[in-house]
Amino acid sequence: AKASASQVWSERAATVLLCKMASSAKVVEEWTADDVASWLETIGLGHKTSAFTEASIDGKGLLDACANPSNLQESFGLSGLQAKKVIKSIDKEVKTSNEVAAVLPTDADADA
């Protein structure tokens with residue numbers, strides 16, 4: 001069966017979208033302190049970025065901090081609700097980056 005024009009377009013659009021996501025989205029562990037600050041703004045906590053920036057919190061540091069909600073509260077001045085929001089949002093980011101990585105071709109695929 002021959003693919004319809006809309007199927008071909010959909011496949012191309014999906015490929016372009018995945019490529020854009022891959023090029024713009026880094027896994028959380030690779031985030032810089034600026035990436036963390038930008039991300040905090042996107043989840044509505046832009047007013048809390050200075051505490052993270054002053055502590056030079058990058059992606060790895062953020063993941064470490066999220067392992068202990070009381071640490072987020074004490075070290076960065078977040079309320080309990082804000083700490084929960086950060087943890088829930090970072091879990092979503094990690095899940096999304098893992099899903100994108102799972103469907104993207106790897107270097108090994110390119111060699112095949």
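A residue is called buried when its relative accessible area is under 20%, and exposed when that value is over 50%. The model shown in these views is predicted.

Figure 1. The secondary structure comes to seven helices and zero strands. Read along the sequence, the pattern is α-α-α-α-α-α-α. The protein chain has 112 residues, and 26% of them count as buried. Its accessible surface comes to about 7600 Å². Carbon and sulfur atoms hold 54% of that surface. Among contacts with a separation of 6 or more, 58% join residues 24 or more positions apart.

Figure 2. The mean pLDDT is 81, and 68% of the residues reach 70 or more. Of the elements, helix α3 has the highest mean pLDDT, 95. Helix α7, residues 107–111, has the lowest, 54. Over residues 19–23 pLDDT stays under 50. For that stretch the model has two contacts beyond four places in sequence. Where pLDDT is low, the predicted coordinates should not be read in detail.

Figure 3. Which residues of α4 are buried? They are G59, G61, L62, A65 and C66. These residues cover an arc of only 160° around the axis, so they sit on the same side of α4. The face turned away from that buried side carries K60 and D64, which are exposed.

**Figure 4. Helix α2 also has a buried side.** Here the buried residues are V36, A37, W39 and L40. Their arc around the axis is only 165°, which puts them on the same side of α2. On the face turned away from the buried side lie the exposed residues D34, E41 and T42. Just after α2 comes G44, with a positive phi of about 85°.

**Figure 5. L40 and its contacts.** Neighbours within four places in sequence are left aside here. L40 is then in contact with L45, G46, T49, F52 and V86. L40 is one of the buried residues of α2.

**Figure 6. I87 and its contacts.** I87 lies in helix α6. Beyond four places in sequence, I87 is in contact with C66, P69 and L72. C66 belongs to the buried residues of α4. How many residues apart in sequence are I87 and L72? They are 15 residues apart, and their C-alpha atoms are 9.3 Å apart in space.

**Figure 7. Two aromatic pairs.** A pair of aromatic rings is described by the distance of the centres and the angle of the planes. The count for this model comes to two aromatic pairs. W31 and W39 form a tilted pair, with 5.7 Å centre to centre and 45° between the planes. Is W31 buried or exposed? W31 counts as buried because its relative accessibility is 9%. W39 counts as buried too, because its value is 5%. The pair of F52 and F76 is stacked: 4.2 Å centre to centre, 10° between the planes. This pair links distant parts of the chain, 24 residues apart. F52 is in helix α3 (residues 49–54), and F76 is in helix α5. Both F52 and F76 are buried.

Figure 8. Where is S56 found? It is in the loop between α3 and α4. Most residues other than glycine have a negative phi. The phi of S56 is near 55°, a positive value in a residue other than glycine. S56 counts as exposed because its relative accessibility is 54%.

Notes: Residues are numbered from 1 along each chain as its sequence is written. This is a predicted model: local features need pLDDT of at least 70, side-chain atom pairs count only at pLDDT 80 or more; totals for chains, interfaces and linings use all residues. Side-chain values use heavy atoms; hydrogens and water are left out. Helices (H or I, at least four residues) and strands (E, at least two) are DSSP runs, numbered from the N terminus. Buried means under 20% relative accessible area, exposed over 50%, partly exposed in between (1.4 Å probe, protein chains only). Contact means heavy atoms within 4.5 Å. Accessible areas come from the Shrake-Rupley method with a 1.4 Å probe; for residues, only the protein chains shown count as cover. Rings of Phe, Tyr and Trp (its six-membered ring) pair if their centres lie within 6.5 Å; planes under 30 degrees apart count as stacked, over 60 as edge-to-face and the rest as tilted. pLDDT is the predictor's confidence in each residue, from 0 to 100. The arc is that of the directions from the helix axis to the C-beta atoms.
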